[in-house]
Each structure stands twice: as C-alpha cells, then as structure tokens.
Amino acid sequence: MSLRERRRHRLRLSGVLVLVAALLSACSGIGSDTTVQPGLEVRGGDVQPVRAFFPGPARGATQRDIVLGFVRAGAASDGNFDTARSFLTQDGEKGWNPEGEVVLYSATTPLNVTNRTPDVAVLSGPVEASIGTDGRYVNAAGGATRRLEFQFARIDGQWRISNVPKGFGRWITTSDLGRLLQPYSLHYLASDRRALVPDRRWFPPDHLATRLARAQLSDPPAYLGDAVRNDIPRGSRLTADSVSVTDGVARVDITGRVPTDKTQRENVWAQLVSTLLQDPMVQGVTIRVRDVTLELPDVDLPVRTIEQVGFPAPPVVPLGRPLIRRGETLYLLPSTSFIDKDPQESGNVDIVEDFHSLALSVDGSDIAAVDQDGSGLSRFRGENRYEVPFFGTKVGHPAYDTRNFLWVGGIGLDEDSAKRLWAHSVAGDPAAQRLPAGVAVAADWLSKRRVVESKPSPSGDRVAILHTAENGTDAQVAVSGVARGAGGQPVRLATPLRLGWHLLRPTGLVWLSNTSVATLAQRAGTTEKRRPYVLSIDGQAQALGETPRGISITSAGGERDILVSNSDGTVISRAGQQWLSLGPGTDVLVPTR
C-alpha cells in the first residue's frame, strides 16, 4: 500500500475515531483526581484500562492544528500510534521515536503554537516533569518551559509535519499519565547486606517484560549511590533486545560475563525474578548468559520465587508499641480508631515540656528529645536521662533507624560549621558506658542548609531529609541513599532525589513504606489548606484530606494509619478521607518500621 493510500485509509478511519474520542470526552475527569484511594491487593485481578483514540488531521488543517493534533494523538493507548503518524510525512515518520522521552504538561495550561515561517511552527508551554527512556520520572523546576520547532511540507495540498524535533517522544497531560504508563520496581542489592532495595520507574504496560529487563541491566540511579549495587555484570544487554514470554515463562538472554560465584548467581536471579514477576504475563523466569544457562545446584527451572534460589528473607524486627505524650506523661497508644478514655501509662520517665521533638527507638526502649533552646539532645531510658555529647546548634527532629543509630541534624560549631547531619550509635546500655560522640554524615549538598528532620527508611538504605535555608525558608524534601561503614555506621549520603517540587512549606516527615514518605504541605498556586501529601520515589504526589492545624505527622503502620498532631494540642488519625480525633496529645512516638 502506498503512502498516499495509507493516508486515505487512515482518514476514512478518523470518523470512527472522532466518535470514540467524543464518547471518551464525557469521562474527561478520569485520572484527574489525585486523592489517595485504596488500591487492589498485590497481584490482584487486573483492571482493564480505558482505551483512548483520537481523530486524524482534518482537511485544510493549519500548522497549529497539525501540531496540536499530533501531540494529542500521541496520548492514544493502542501502542501503534497510527493516528499520530497520519500527521507526519514519510520522512517525518522516520524521524519520530514514540518510545523516546515523555514530557508531562498540565491539562489546565494550554500549549501554544506559533508560525515562525510558513513551513516552521513552534510549540511551547510550561512542563511539569519528564520521563526518560529509562523510566526515570524527573520533576521540572518551577516555571520550566519547553520550546520546539516542527518543520512542514505539503502532501496533496495538506500540511504535514516533515521533521520532528530530535529527541521528541510524546507530550502527554499529567492526567493521562496513569492511563498510559505505570510505576514498577527495579531491584538492586544492598551494599552492606544481602537484601533487595527497590527503585521505582514508569513504563507503558505493553512489552513489559522487555522494558523491565532492559532497565534492570542498567546501573543503579545516582540518588542511591553507594547504598546499592547491581550484581548483573556491568555492560550486559539483552541479546535480541527483547524478552520472550511463552506459557508464562520469560526467557532472558543477555550478553556479558557469566557469573561463576554462587552467591552472585543467586543475586542475579533474585534481581531479575523480583522485577519480571510484576508483569502479569510472567509466572516464571529462565536466564541465559552468553548462551549459557544460569544454573544453581538443586534448583529446577523456571524460577518462580526468590526463595527458590536461596535468597534470604528479610529479618523480622520486633517493634515497640506506639506512645502518645499528654502533658509530661507518656501513654501507650492502643488504637488509631477511637479516643482512649482510660489510657495506660507506658512506664517511661515523665519528659518535661522543656524537651520537644520526641523520637522512639525500634524496640521502644529508648526515647530521644531535643532541649528547649535547640542546642542539646538527650536520651531517656527507663527512669533515667542521658545527655548526648554536644555537637551543634539548631538541632533538628531526631530519628532512630533499624541498625542502632540515632540520626539528627544541626549546625556544627567552629571548624565543624559545614557539618549538618550526625549519626549516634545507640547500641548497648547507656547506663554502663559513656555515650559515644556522633559521627558526621558527609553530604556536601547540605552544607548551606539546615536539617529540620532526617528520617531513615524502614530498611535503612535511604534517608528522607526535610531541609531549609539557614534562615528557615525554602523548605524541601529529598531522599538519598545511605553509604555505611564498619558496624553499619552511616558515613555519607548520595546525590539527593527531590520529592514534591510543587509543595510549599512542607512540615514533618514520615516513611510509609520503603518507597514513599508523607509530609504536611500546601500545593503551590492554589488556595488549599495544609494537608498530608504522600510522596513516592517514582515522582507521584497524592493529597489526603485537609488538616489546617497540623504541625507534625507520623504513622502507626503505613498510609492507612497516618497520625497528625495539631497546633491546639490534639491528635487526629486518618479515617478514609476524614479525620478522627484521638483527644489530647502533643507528640506521637512510633518506632521506625
């Protein structure tokens, strides 16, 4: 079929597509609500996505109509992009890669198209974020814009795009994102122990096994730094640039060096199996390296679980019970769904109001608190208080990790004035030893900032940092990988990954899982009141119900058990999209989990 005949065929089809698009326009709110809702269980039933198609070029369409039609048709969900290609000449088709970068723009901000010359049109507009070919979601800086030039030619008297800008993939609205791409986890090895550390990327759901495997072969992202490694031999690539899936078994054939060490082989299996099983079409995996089947003793292929290849299960860490502070007394928090009218005292020493920003150790035996003037830190165990060796001023909110370290920000003194973050060992009984001085955690990107809160993730491989300028302005939330030394001592942070670019004055910080945190904030450019935002490392930011008096946030067990402390001395807990009062309380202490 000639190019002209194909064009006529597509135009005949466009009438049907216009009808489909019109029907879909009645559902234009789909995907626009960012409120967090309960989701499906992991590996639950698959929900069929809404499919969207768009009309081809109308006869007599202007260059502006052609550019905007081409951009919108790129949001089709059929994966073939036939309609989008109908806006292009044959040369234009050859120069366009729909698998390239995805640029996200707001549906509320129309794009602008102007003619520079009769055969050149300029597309411009503000952008929210971009997703690279590696699936990495990158927020755009506030006020960021893009400007691209499209060249035109006439085909049968009709304008068509003859040259697509280099690197142009697709521009889609932020509300289209969840319909066209989904977040998935890649898996890397923790540097200091045998455990998997997930990273989140965005991919279209078609050819998913190939997309996931290709991305898994690449180096870990910069924000994880030395916290992780990839045990798949560096430089490996898919032999046929694809992964075949037959009868539920994904066959991964890669180039590179064949791992000979048994532990490394187990790690490679664990990484690829954990990643590829997210594809609902995959129930098992086989791996070949340079035409050599990657085998393990007594392991039958295909591999269907990481336990099958001897990868260790994560240890179960006993957790202490959450506490709530009322006045100077700490009580057990028995529930997040009703007011406790007959509270049970925790048995901890009373903590006078001169101390604030309380934190609870993993096992619940240790409490840290900041002195009233922000220049000291104390630990409370049983009935005793122990002063932490002095290290700086403007001490931030402390937090314990699962490796027996107490994290705290501050501003160092004299020759240590550039230091901003410390990790104090809390191993052993403080009554039997002098408390050791904290070790500064290297992070050049914090040298001119103030650490308000530093919260290690449940696994301890990442830390979330709420930091401001030294005068308290420009509050930001960032996540960074933690490199550890002997005994698990944190020694340095990687390049930060900033979350929630569009949020103003974030306050408080808590991990909800190993891949998401929550903070209290307001969305820039709106009149909304303060509310919790769930920020994922995949770039998503989802809003919960308003909490206008909220001053701190924690969670007793993930997104469903978020607790907010209010400025009027009360504590509220999440109940769907509403908030339930738990009565008086100035601090809620929950062990890192």
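1. Let me start with Arg-229, which comes out as partly exposed, with a relative accessibility of 32%. Its side chain forms a salt bridge with the side chain of Asp-231, at 2.8 Å from N to O. Asp-231 has a relative accessible area of 10%, so it counts as buried. Bear in mind while reading that this is a predicted model.

2. Asp-253 is at 18% and counts as buried, because the cut-off for buried is under 20%. Asp-291, at 64% relative accessibility, is exposed.

3. There is also a salt-bridge network, in which shared partners connect Asp-192, Arg-193, Arg-403 and Asp-461. Across the whole structure, the search turns up 36 salt bridges. As background, side chains of opposite charge can pair when their charged atoms come close.

4. Now for some acidic residues of another kind. Which residues form the negative surface patch? They are Glu-328, Glu-345, Asp-350, Glu-353, Asp-354 and Glu-383. Glu-345 is placed in the loop between strand S17 (329-332) and strand S18 (356-360). With 54% relative accessibility, Glu-345 counts as exposed.

5. Most residues other than glycine have a negative phi, and most peptide bonds are trans. Against that background, Phe-81 has a positive phi, near 60°. Phe-81 lies in the loop between helix H2 (63-73) and helix H3 (82-85), and it is buried, at 4% relative accessible area.

6. His-207 is another non-glycine residue with a positive phi, this one near 50°. Its loop runs between strand S10 (196-203) and helix H6 (208-216). Is His-207 buried or exposed? At 59% relative accessibility, His-207 is exposed, whereas Phe-81 is buried.

7. The peptide bond between Leu-301 and Pro-302 is cis, with omega about 0°. Pro-302 belongs to the loop between strand S15 (292-293) and strand S16 (323-326).

8. Finally, the overall picture. The protein chain has seven helices and 39 strands. Its radius of gyration is 27 Å, close to the 25 Å that the globule rule gives for 593 residues, so the chain is as compact as a globular protein of that length. The C-alpha trace spans about 85 × 60 × 50 Å along its principal axes. As for burial, 52% of the 593 residues are buried.

Technical notes: Residues numbered from 1 in each chain as written. Predicted model: local features only at pLDDT ≥ 70, side-chain atom pairs only at ≥ 80, totals over all residues. Heavy atoms only, no water. Patch = residues over 30% accessible without salt bridge, like charges linked within 9 Å, V, L, I, M, F, W, Y side chains within 5 Å. Areas by Shrake-Rupley, 256 points an atom, 1.4 Å probe, with all protein chains shown as cover. Salt bridge = Lys/Arg side-chain N within 4 Å of Asp/Glu carboxyl O. Lys, Arg positive; Asp, Glu negative; His and termini not counted. Charge placed at Lys NZ, Arg CZ, Asp CG, Glu CD. Helix = DSSP H or I, 4+ residues; strand = E, 2+ residues; numbered from the N terminus. Buried < 20%, exposed > 50% of the residue type's maximum accessible area, 1.4 Å probe, protein only. Rg over C-alpha atoms; globule rule 2.2 N^0.38 Å.
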